[in-house]
Amino acid sequence: VILFLIIGIILKNYYVIKTPIYLRGHDIGNIDEDGHLAYIYTLYKTGHLPLTNEWQFYHPPLFHIIGAIFLKISDLLKINLNNAIEGIQYINVFFSNLIIYYAYKITKEIKFNKSSIILILLFLTFYPTFYLLAGSINNDCLLLLLEFIVTYYLIIWDKQPNIKNTILLGLFTGLTVMAKANGAIMAIPILYIFIKKIIKNIKYKKVKEIKNIINKIFLFGIISLPIGLWFQIRNIIKFQNISIPYLGTDNWLYIGNYTFTQRFLDISFSQIFDTIFCQIDPNIFAFIVKNSIFGEYTYNLSPTFCRIFLLLNLILIIISLIYTAKYIIKKNKEISLNIILIIWLTTMISFYIFNIKYPFSCSQDYRYIAITSFCGICFIEKEIPSKIRSKIEILIFIFSALSSFFIIKI
């Protein structure tokens, strides 16, 4: 684990050092516009939130507050503002490495064996999405980290629903929504565990325990709801809405003119392997396969290498779907893995609903569902038959090697 953390730190620092903030990132903009950088700069310069909720200003401010504090500290250290702005990337590098740490803690709690833990962490350490998020200046990486932390504390709370774990779960759940509004989907697995606890105690007629659990749920709500919802309430009062900006049907990213079948039901291998990199691909599956390793960018790399990389990614995605389905239909399930399954299901369902409501190519970006990479590799390692385990793990190792080569070369 320490070795993987060290390798991850080295490679992510290498990637960030050679990657300017405007080369690869989403909705960054300049300091005088309304992107993520202007959001951070407004907080840094004025000490208050933007006066509108236009474009990226609609986001909750947790990441942007952290970025503004980083710029203030840079001022104290006499660091040039342009260099300090580039340095904001290192916040996400730190978050990205913490993800590996919490992935390790989760796998320990789920009782994976040592070899499975190693393979899961190997996969996550080199998975390209985590590098692209680490090199960007927005709130996606922080949201992903907090989703991992909430997952960990939910598993812990299920085993030990004491006041300390309730406070920590409530705090990190609230912060998840304060990082990005769609962090609210973490409420679904939390609700599942709460209901399961109550039903279990009703079944055994433990009245005292039922009251105790209800008190803990009330405490959770008192902590999480104000932290998570204050910004949305503020936007309703101040701007009469909390909706995300709509690009419009005349935008070049619009794909609503394609049929539902073309977008969601077809599996277009031609879109995956003909164009290699993401363009205006209307097929969501093809977009995910490409975007999960290449992002929304193009690279000066060998087409043969890229197609092999895509093929391995496609195979692993299909394998993960097979073993996730296998876990769903099995009778004897583990509560900790049920949490992972519910996170996967709610993330995917909300992602498809989002794409139906906002039919744009950029809506299909894998960064919105990046936690499913962890869910998928967990089900592979948990459900894979022993007779083919070594073959699949060799495939994961080869994929991770290609991932590291890709990160070094881009």
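1. A word on classes before we start: Ala, Val, Leu, Ile, Met, Phe, Trp, Tyr, Cys and Pro count as nonpolar, Asp, Glu, Lys and Arg as charged, and the others, Gly among them, as polar. With that in hand, the lining of the second largest pocket splits into 15 nonpolar, six polar and no charged residues.

2. Some ground rules for reading along. This is a predicted model, in which local features need pLDDT of at least 70, side-chain atom pairs count only at pLDDT 80 or more, and totals for chains, interfaces and linings use all residues. Residues are numbered from 1 along each chain as its sequence is written, and side-chain values use heavy atoms, with hydrogens and water left out.

3. Now the overall build. The protein chain has 18 helices and zero strands; these are DSSP runs numbered from the N terminus, with helices being H or I of at least four residues and strands E of at least two. Taken along the principal axes, the C-alpha atoms fill a box of roughly 60 × 55 × 45 Å.

4. On the H8 side the contact (heavy atoms within 4.5 Å) uses Val150, Leu154, Trp157 and Asp158, and on the H10 side Pro189, Ile190, Ile193, Phe194 and Lys197. By class, the residues of this contact are seven nonpolar, no polar and two charged.

5. Next, the spaces. On a 1 Å grid over the protein atoms alone, a cavity is a set of points where a 1.4 Å probe fits but cannot get out, a pocket is an open set with protein on both sides within 12 Å along at least five of seven lines, and lining residues have an atom within 4 Å of a point. Grid points are joined across faces, edges and corners, and a volume is the space filled by probe spheres set on the points.

6. The largest pocket holds about 1,300 Å³ of space. Its lining has 46 residues, and the closest to its centre are Tyr58, Ile244, Phe354, Ser363 and Tyr368. H16 (335–357) and H11 (207–239) each supply at least two lining residues, with H16 giving the most, six. The lining comprises 25 nonpolar, 15 polar and six charged residues.

7. Back to the second largest pocket, with a volume of about 360 Å³. Of its 21 lining residues, Ile317, Ser320, Leu321, Tyr366 and Thr372 lie nearest the centre. Helices H14 (284–294), H15 (303–329), H16 and H17 (371–383) each give two or more residues, and the largest share, six, comes from H15.

8. How many cavities of 30 Å³ or more does a search of the whole structure find? The search finds two. The largest cavity has about 110 Å³ of space, and among its 15 lining residues His26, Leu132, Leu133, Asp365 and Arg367 lie nearest the centre. H7 contributes the largest share of this lining, three residues, and by class the lining has four nonpolar, eight polar and three charged residues.

9. The second largest cavity has about 70 Å³ of space. Its lining includes Asp140, Glu147, Arg367 and Tyr368, and H8 supplies the largest share, four residues.
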